[in-house]
Amino acid sequence: MEKGKFVVLEGIDGAGTTTQAARLQRHLAERGVKSVITREPSDGPVGTVIRNALRGRIRLPEAAGGGELPKETIALLFAADRIDHLAGEILPALESGAWVLSDRYVDSSAAYQGTLIDLEWVRQINRYAIRPDLTLFFDVDVDAALARITSSRVQKDIFETRELLVRVADSYRKLYSNPPPDVFRVDANQPVDRVYDDMIGAVKRLLGV
Ligand code: TYD
């Protein structure tokens, strides 16, 4: 059995990765390629803790000030969630021959946590993460992304402020400034069908489907 391909979709909040992952899955299904869509934070136990922390529902005890969890703690939670996600979902699916389409992966930690705390340390705690076959970077203007978030979300995450998204967008652009062949930048300011066409072009060129 040939192993499946591992495709990751990255970008700031509101870049459209979730929509494009669903469309990519449809494209693959029409060509007889089985795929699973997954995401980080994952739906596993640590991923669930992360979502609650990002929504402000898990905080430090009152005696410790009741504030948000330290940024290093959050970075370690993302790294721990990634171990679970790889072992429990990504690797078994790839072994079974299915493609894995992951809505965010290790580069989200580099871009988000790496702009808030020491990037080298963030990379170290994530060094077991296998490299995807293809990373699609959805590069969108912060104000366009914020407009999408505001119209579609009831409650915003702690990362969804303009100031932070500007920094994260810069850190993604720096991360992918000299992209190797397995990283493809999509101009995500375009209409959604054009974004899709560009994504599919890259998938066909690099992975042949
Ligand atoms: P997101 O994909 O926006 O989930 P949802 O659509 O359910 O809100 O992910 C939640 C947030 O987590 C998002 O702001 C990006 C952030 N994040 C990190 O900071 N580091 C990481 O390693 C990952 C995977 C996500």
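**Helix burial and helix–helix packing**

The buried residues of helix α4 are V106, D107, S108, S109, A110, A111, Y112, Q113, G114 and T115 (buried: under 20% relative accessible area, exposed: over 50%, partly exposed: in between, with a 1.4 Å probe and protein chains only; helices are DSSP runs of H or I with at least four residues, strands are runs of E with at least two, numbered from the N terminus). The model is predicted, with local features requiring pLDDT of at least 70 and side-chain atom pairs pLDDT 80 or more, while totals for chains, interfaces and linings use all residues. Residues are numbered from 1 along each chain as its sequence is written, and side-chain values use heavy atoms, without hydrogens or water.

Helix α4 spans residues 106-116 and is mostly covered, with ten of its eleven residues buried.

In helix α2 (residues 45-54), burial involves V46, G47, I50, A53 and L54. These buried residues line one face of the helix, because they fall within an arc of 120 degrees when viewed down the axis of α2 (directions from the helix axis to the C-beta atoms). The buried residues of α2 pack against α3. After α2 comes G56, which has a positive phi, near 80 degrees.

Helix α1 (residues 17-30) packs with helix α8 (residues 192-207) at an angle of about 55 degrees, and the axes are 10 Å apart (axes are lines fitted to C-alpha atoms, for helices over the stretch in contact; angles run from 0 to 180 degrees between N-to-C directions). The helices α1 and α8 are therefore oblique to each other (under 35 degrees is roughly parallel, over 145 roughly antiparallel, 65 to 115 roughly perpendicular, and the rest oblique). On the α1 side the contact is made by T19, Q20, R23, L24 and H27, and on the α8 side by V192, D193, V195, Y196, M199, I200, V203 and K204 (contact: heavy atoms within 4.5 Å). Seven residues of the contact of α1 with α8 are nonpolar, three are polar and three are charged (Ala, Val, Leu, Ile, Met, Phe, Trp, Tyr, Cys and Pro are nonpolar, Asp, Glu, Lys and Arg charged, the others, including Gly, polar).

L24, located in α1, is buried, with a relative accessible area of 0%. Not counting residues up to four places away in sequence, L24 touches V7, L101, L136, M199, I200 and V203. The C-alpha atoms of L24 and V203 are 9.1 Å apart, although the two residues are 179 residues apart in sequence. S35, in strand β2 (residues 35-39), counts as buried at 11% relative accessibility. With residues up to four places away in sequence again not counted, S35 touches Q25, L28, A98, W99 and L101.

In the second pair, the axes of helix α6 (residues 142-152) and α7 come within 10 Å and cross at roughly 130 degrees. The helices α6 and α7 are therefore oblique to each other. Their contact comprises V142, D143, L146 and I149 of α6 and R162, L165, V166 and A169 of α7. By class, the contact of α6 with α7 contains six nonpolar and two charged residues, with no polar residue.
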